Amino acid sequence: MSNNMKGPGIFLAQFLGDEAPFNSLPSITKWAGDLGYKGVQLPAGDERLFDLDKAATSKTYCDEIAGICAENGVQITELSTHMLGQMVAVHPAYDAQFDGFVPQNVRGNPKARQEWATDQMIKAAKASRNFGLDVSVSFTGSLAFPYLYPWPQRPDGLVEEAFGELARRWKPILDVYEDHGVDIAYEIHPGEDVFDGATFEMFLEAVGDHKRCMINYDPSHFLLQQMDYLAFIEIYHGRISAFHVKDAEFNPDGRQGVYSGYQPWLNRAGRFRSLGDGQVDFSGIFSRLATHGYDGWAVLEWECCLKHPEDGAAEGAPFIEHHMIRRTERAFDDFADSGTDQAALRTMMGIK
């Protein structure tokens, strides 16, 4: 296995649209390839890109989709199941909003929506294997997040019950992913019940330290929570199998701080930015990931409240390319190696 990171890649979800070149797989992958990207992360379930049902059952179909990408100089990095994973666990407060993302026949029926999302997640495992992918990226969903900072206080046991239920819903899905040799790299994200290292540990324990329960590392969400996102890599590098390269800034003032979400993005203390325009220490991140032998993809996720998305995409590929580190195969001072043997070593230390 190589110790070198792959990239640059780009997550296509934020760029898909109804006009060319953003409305079809051939045209959007050509656009990405022309910008210098080597990989594309595909949102599962968007039929402008591929048919998930077909991909789950036909390797030939997946080879055709991968061939379209290859013709444009890119390969598929991972399948994204963020929206599908979110709907595995939806708090009732969000029922109406999430009904807009599901087929008509399961709307207004949370249990049917959950069963549909679970089935879609399982199809994404099979499709990932047919594409030859070892990693997918997703969300955990949330049952307890509305009670994050509650008044009145939440009753004892609510959080424990939430994570127990998450495990009951996710463990069978994770088992299917294990059967197909695919990780679920969960994006640790406010709004999900798994939003920091401590909650990831809670979830991991609840699913029995499942081998396929991994992390999609995105430092922007940690900066906005004022976490030490470099130390996070040191703690959890063994579970990081995907990487969203996304910038952010946090500028608290006398009016607002971390909890500024009622304001439009432009006016928040914490804002996502295009790569290089924010405060994230990417040199530190890429160095630490390289130190720990991360060999997955570095994938741009573009979300910025100021810059035009096409400008952010154009700047993203060279930014990632510049920060990627090819691991050296020898030490910088190997030229001074005198080639001593054990006897010489003992003599150097005066050992008879």
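Predicted model: local features only at pLDDT ≥ 70, side-chain atom pairs only at ≥ 80, totals over all residues.

Colleague: How many bridges join strand 1 to strand 2?

Modeller: Strand 1 covers residues 6–11 and strand 2 covers residues 39–43. The two run parallel, and the number of bridges joining them is three.

Colleague: In what order do the eight strands close into a barrel?

Modeller: The pairing in the barrel is parallel. Neighbouring strands of this sheet are turned against each other by 35 degrees on average, direction ignored. The eight strands close in the order 1-2-3-4-5-6-7-10.

Colleague: Why do the buried residues of helix 1 lie on the same side of the helix?

Modeller: In helix 1 (residues 25–34), the buried residues are Leu25, Ile28, Thr29, Trp31 and Ala32. They lie on the same side of helix 1 because the arc they cover around the axis is only 155 degrees.

Colleague: What covers the buried residues of helix 1?

Modeller: Both strands and helices are included in the cover. Among them are strand 1, strand 2, helix 3 (59–71) and helix 12 (309–323).

Colleague: Is serine 274 buried or exposed?

Modeller: Serine 274 is found in the loop between strand 9 (270–273) and helix 11 (282–291). Leaving aside neighbours within four places in sequence, its contacts are Asp247, Trp302, Cys304, Lys307 and Gly312. Because its relative accessibility is 1%, serine 274 counts as buried.

Key:
Residues numbered from 1 in each chain as written. Heavy atoms only, no water. Helix = DSSP H or I, 4+ residues; strand = E, 2+ residues; numbered from the N terminus. Buried < 20%, exposed > 50% of the residue type's maximum accessible area, 1.4 Å probe, protein only. Contact = heavy atoms within 4.5 Å. Pairing = 2+ DSSP bridges. Axes fitted to C-alpha atoms, helices over the stretch in contact; angles between N-to-C directions. Arc of directions from axis to C-beta.
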